[in-house]
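User: I have a structure open and some questions about it. Can we go through them one at a time?
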Amino acid sequence: MALDKQKSAGEVVALRRDGMTIGIGGWGPRRKPMALVREILRSPLKDLTVVSYGGPDVGMLCAAGKIKKLIFAFVTMDAIPLEPYFRKARESGAIEIEEYDEGMFQWGLRAAGMRMSFLPIKVGLGTDVLAKNPRLKTVQSPYADGEVYVAMPALKLDAALLHVNEADRLGNSLIHGADYFFDHLYARAADACYVSTEQLHEQLTLMPEMAKQNRFERYLVKGVVHAPCGAHPTYLGPDYGWDMEHLKRYNASAAEDGGWQKYADEFVAIDEAGYLAKVGGAARIGQLKQPVF
Amino acid sequence: MSEITLAELMIVAASEVWRDNGEVLASGIGVIPRLGASLAKLTHSPELLMTDSEAFLVAEPIPIGPRGNYVPKYEGYLPFDRVFDCVWGGQRHVMIGPTQIDRWGQTNLSAVGDYAKPKSAILGVRGLPGNSLCHINSMIVPNHGPRVFVAGEVDMVSGVGYNPARFSAGMRTDTIDLRRIVTDLCVLDFDGPDKWNGAAIRVRSLHPGVSFEQVQSATAFPLLKAHDLAETPLPTAEQLAIIARLDPHDLRAAQLKNNPPALRLASGIAA
């Protein structure tokens, strides 16, 4: 059976349903599957539960009213620490939230991937993460120590959306950046994982050193979307840095009357080719400097 | 030579928190903590581990800001996946700047005001619940005042402290290890006589020109005074030279409002 998992972003989003739980890979303003996020923004999808180490992906989905519930540990754009549209949604009570420590969050993804209902963890004890979340319960060790842990519930995903540097039609993928974050856990936690990719190959043929950059198996991947510059305006090491000029403009829009609508009219209500042309094209994006931390 | 700044004094005070920690990962989040950790590694504690603040361990601290021709000296790999292994194993000392701190050492980085509809949403709890429970923690406060050092509990307990009301039977608390708080007025520690009973936080040293009373009036809970209360030392010429090399773009000058000098007249300080 020859595998060909290539899909368009539109096809991937059309398979989603209102109310689904969607995990979004990357971390803050780093390696976010923004082409797929923009496709959700263009779609009629609504009432989503979004699970994300949040950056502008979460902010834009908040701004567009797509999120019913957010499962998160933070939302930030690093150099712009406070995400403006997340703050608006959070402060107005427009979204339900489930807030976890960063480590608990990946522990919940692990539990889902291991087909466990929960995993014990010390983290969260003594904090309002536990006290303010009625879903969270503790569990006692059945052994002589009797220690009490948080029972971190599985964060099961209907779909995971990830962005990678290279992939092939079979679903093999490579992440070249310095950090692969927790994308492998999102892939395992999801009923269906979709990767968007800078470069799409017929079939990858790799030397061992490069093959180490394959972080999860292709059987997890249900669809591959060819999306050059698909992480823009976030950082995709080593291909391009984040677009601070664009992020500043996006951030400033939140302070204007009807600011999101203006941003969306300019950057969302067009197709991906139009978007890339608007933001300077692959030539400009390829020149964006890698951030130093 | 230009005047020694308060930020430089705080960097030196920050570096002291990592003294005699042994072989742990030193994580200074923000300019002053990072320069403090870097100074510690280059002076009294070369055994510390540090990263490039992205995913690699480095043998020497990386200068902050644009690097020019500087090539990092990589010695290992520590992506976020492994950072949690490090945190949970307890081999780390982090210094961060929380939005609120209370008398128990509990910290808030999530939301100010009512949790359901906060007056101000900040970042989220990030890694504070795990950090505070699992390894050594210190804090940085660039604007010592009663809005940071709050009267009751912090609005959303993100990082744990020495608050017995927050723990019940079977929950281990022996891995909680809060060390110091470096502020623009003083250095605080958690060496009070009865830290699990609300008597933890002491003024350990006062910055030049600052009185205990000033610090107390800028803090919404009662402070203890260390029996050997001292003046926070000024940076030495050697320390200043290292700091200048680690911060070639002078980002430290933008960390405190108006970049005040280390030697201030007492009357010039807003409580």
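User: How many bridges join strand β4 of chain A to strand β5 of chain A?
Analyst: Four bridges join β4 (residues 67-72) to β5 (residues 96-99), and the two strands run parallel. Strands are DSSP runs of E, at least two residues long, helices are runs of H or I, at least four, and both are numbered from the N terminus. Two strands pair if DSSP finds at least two bridges between them. This is a predicted model, where local features need pLDDT of at least 70, side-chain atom pairs count only at pLDDT 80 or more, and totals for chains, interfaces and linings use all residues. Residues are numbered from 1 along each chain as its sequence is written, while chains are lettered from A and ligands numbered from 1 in the order in which they are written.
User: Which residue in β5(A) is the bridge partner of A:Leu70?
Analyst: A:Ile97.
User: New topic. How many residues of chain A are in contact with chain B?
Analyst: 37 residues of chain A are in contact with 36 of chain B, contact being C-beta atoms, placed from the backbone, within 7 Å.
User: And which helix supplies the largest share of that side of chain A?
Analyst: α4(A), with four residues.
User: Is helix α1 of chain B largely enclosed or exposed?
Analyst: Eleven of the eleven residues of α1(B), residues 6-16, are buried, so the helix is largely enclosed by the rest of the structure. Buried means 20 or more other C-beta atoms within 10 Å of the residue's own, with C-beta atoms placed from the backbone.
User: What does A:Ala160 touch?
Analyst: Leaving out residues up to four places away in sequence, A:Ala160 touches several residues, among them A:Gly23, A:Tyr186 and A:Cys193.

Note on methods. Buried ≥ 20, exposed ≤ 12 C-beta atoms within 10 Å, placed from the backbone. Contact = placed C-beta atoms within 7 Å.
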